[in-house]
Amino acid sequence: MSAPSPTPRPASRPARLLTQNRELRRIGVWNWSLPAWAGRLPDGRTYNTCPSAGVCAQVCYARKGSYTWPVVRAKHQANLQFVLDDLPGWQTAMIAELRAARFRDTWIRIHDSGDFFSDDYLQAWLEICRAHPGVRFYAYTKEIARFRRLVQPHPPPNFRWVYSYGGTQDAAIDPGTDRVADVFPDKAALAEAGWSSQNTSDLIAVLGPRLVGIPANQFPPFLTRLAGRRFSQWQAATDADRAQRRCLRPLRLAGTSSVHQDPHPAAVPNPGEAGQPDAA
């Protein structure tokens, strides 16, 4: 008889959950981070922490630079593993950590990378907010439908959020009533649109005027993909291109492998010529 396989050792829990990146430290904000978008954990599990990411995934600041350093990536993945393996334990640990004096009357940004990837995870954060009325929390999110259901009816008084463009749920955003953020190709485009820039402080996103503009990361490959567009414009073009492709998809008759085609089809543009990269 062969020896039983050793039981995998559980991932070590992060000693501290909340940190400060350089930009947020400057304004006295603490942050909680998950690995950005999709990937694979050291134990082989795959994940997607941004299930409603659209074009934003192609130019995400959290997928380059210091976020990709092994020590930083390992920290963010350890955070995610804690959440996935023991959500109640993680919630208890976060509530306990927030009792420290350094967090009193301060702001916590939930996710400088990642998003509210499940109902249970979002509910855990809402309970954390309610457990610490003396701490203020805020977040950007592309999980519009989830927030409409779980947050908007009865939000914690100390939690503010902003819906951000560039996701697959952009069409559900109402810029006439929602607090919204859009990424602009540069400061000039932002000023021309008349939106309020959060360039001086990230807290403007939730404390300033309702329409919030963010200058794009000036990483050259990202600017090339952005092609002078706002995230909202890029996502809308991508959505329109995909809708056109669905409309042009041949109709396959039930029970057959043949396709009926009009012998005199109307001229239609080739969707591959649109020049719009698909969202990831």
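Predicted model: local features only at pLDDT ≥ 70, side-chain atom pairs only at ≥ 80, totals over all residues.
Reader: At about what angle does helix H4 run to strand S5?

Author: Helices (H or I, at least four residues) and strands (E, at least two) are DSSP runs, numbered from the N terminus, and axes are lines fitted to C-alpha atoms, for helices over the stretch in contact (heavy atoms within 4.5 Å). Angles run from 0 to 180 degrees between N-to-C directions. H4 (residues 119-131) lies across S1, S4, S5 (136-141) and S6 (159-164), and its angle to S5 is about 155°.

Reader: In what order do the strands of the open sheet come?

Author: Strands count as paired if DSSP finds at least two bridges between them. Seven strands make up the open sheet, with parallel pairing. S1 (29-32) and S8 (196-197) are the edge strands, each pairing on one side only. Reading across, the order is S1-S4-S5-S6-S7-S9-S8.

Reader: Which residue in S4 does Asn31 stand opposite?

Author: Residues are numbered from 1 along each chain as its sequence is written, and side-chain values use heavy atoms, with hydrogens and water left out. S1 pairs with S4 (residues 107-110) in the parallel sense, over four bridges. Asn31's opposite number in S4 is Arg109.

Reader: Is Ile95 buried or exposed?

Author: Ile95 belongs to helix H3 (residues 87-97). Buried means under 20% relative accessible area, exposed over 50%, and partly exposed in between (1.4 Å probe, protein chains only). At a relative accessible area of 16%, Ile95 is therefore buried.

Reader: Which strand and helix do the buried residues of H9 pack against?

Author: H9 (residues 231-248) has 18 residues and spans 26 Å from its first C-alpha to its last, close to the 26 Å expected at 1.5 Å a residue; that expected span is 1.5 Å times one less than the number of residues. Its buried residues include Phe231, Trp234 and Asp241. They pack against strand S7 (180-184) and helix H8 (220-226).

Reader: What share of the protein chain's accessible surface belongs to carbon and sulfur atoms?

Author: Of the chain's 280 residues, 44% count as buried. Accessible areas come from the Shrake-Rupley method with a 1.4 Å probe, and for residues only the protein chains shown count as cover. The chain's surface comes to about 15,000 Å², and the carbon and sulfur share is 55%.
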